[in-house]
Amino acid sequence: MNTPLTQVEIYTDGACRGNPGPGGWAALLMSGRSERTLSGADRYTTNNRMELLAVIEALKALRRRVAVRLYTDSQYVRRGVLEWLPKWKSNNWRTADRKPVKNQDLWQQLDALLADQQIEWHWVPGHAGVPGNERVDALANTAIDELLG
């Protein structure tokens, strides 16, 4: 008999002041009564890189295979995983117009992590009062503040 996978809810967000500019990312992982937050920042980056890094770092933090409900306000990440990634891979990391995929290094990291988990992707509107999304937005911005001192 297969044991059901532990359910983990993850909220992720990236922020950037200027695009490019200083950026931060954050993730909130929740399972049962426990939760964990992660965050980081970079002096010169883009919003899309921070959105991707938030998901990557959240998935890297998982210690075993679980059932993930991942919430993001980034259509770039969600559509990238669900629609574009298979095409990019089959086109040798080129877009439909034959240009190199932007952020290929991060997309490849994320692609490798996707196989290890069962993930259900959810889009949430940003800055719309969704508690988990509001928390990670604040954490990502705090990471920028701490970086800039």
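**Exercise 1. Work out which classes of residue line the largest pocket, and which elements supply them.**

By class, six nonpolar, three polar and four charged residues make up the lining of the largest pocket. Here Ala, Val, Leu, Ile, Met, Phe, Trp, Tyr, Cys and Pro count as nonpolar, Asp, Glu, Lys and Arg as charged, and the others, Gly among them, as polar. A quick note on the source: this is a predicted model, where local features need pLDDT of at least 70, side-chain atom pairs count only at pLDDT 80 or more, and totals for chains, interfaces and linings use all residues. Residues are numbered from 1 along each chain as its sequence is written, and side-chain values use heavy atoms, with hydrogens and water left out.

Next, the lining itself: 13 residues, with Val8, Leu29, Ser31, Ser34 and Leu62 nearest the centre. Strand 2 (21–31) and strand 3 (34–45) are the elements that give two or more residues each. (Strands are DSSP runs of E, at least two residues, numbered from the N terminus.) A pocket is an open set of points on a 1 Å grid over the protein atoms alone where a 1.4 Å probe fits, with protein on both sides within 12 Å along at least five of seven lines; lining residues have an atom within 4 Å of a point.

**Exercise 2. Describe how strand 2 and strand 3 are joined.**

Start with the pairing: they run antiparallel, joined by 10 bridges (pairing takes at least two DSSP bridges). For instance, Ala26 has Ser39 in strand 3 as its bridge partner. Then look at the turn: the two strands form a hairpin with two residues between them, and Gly32 there has a positive phi of about 60°.

Terms used: Helices (H or I, at least four residues) and strands (E, at least two) are DSSP runs, numbered from the N terminus.
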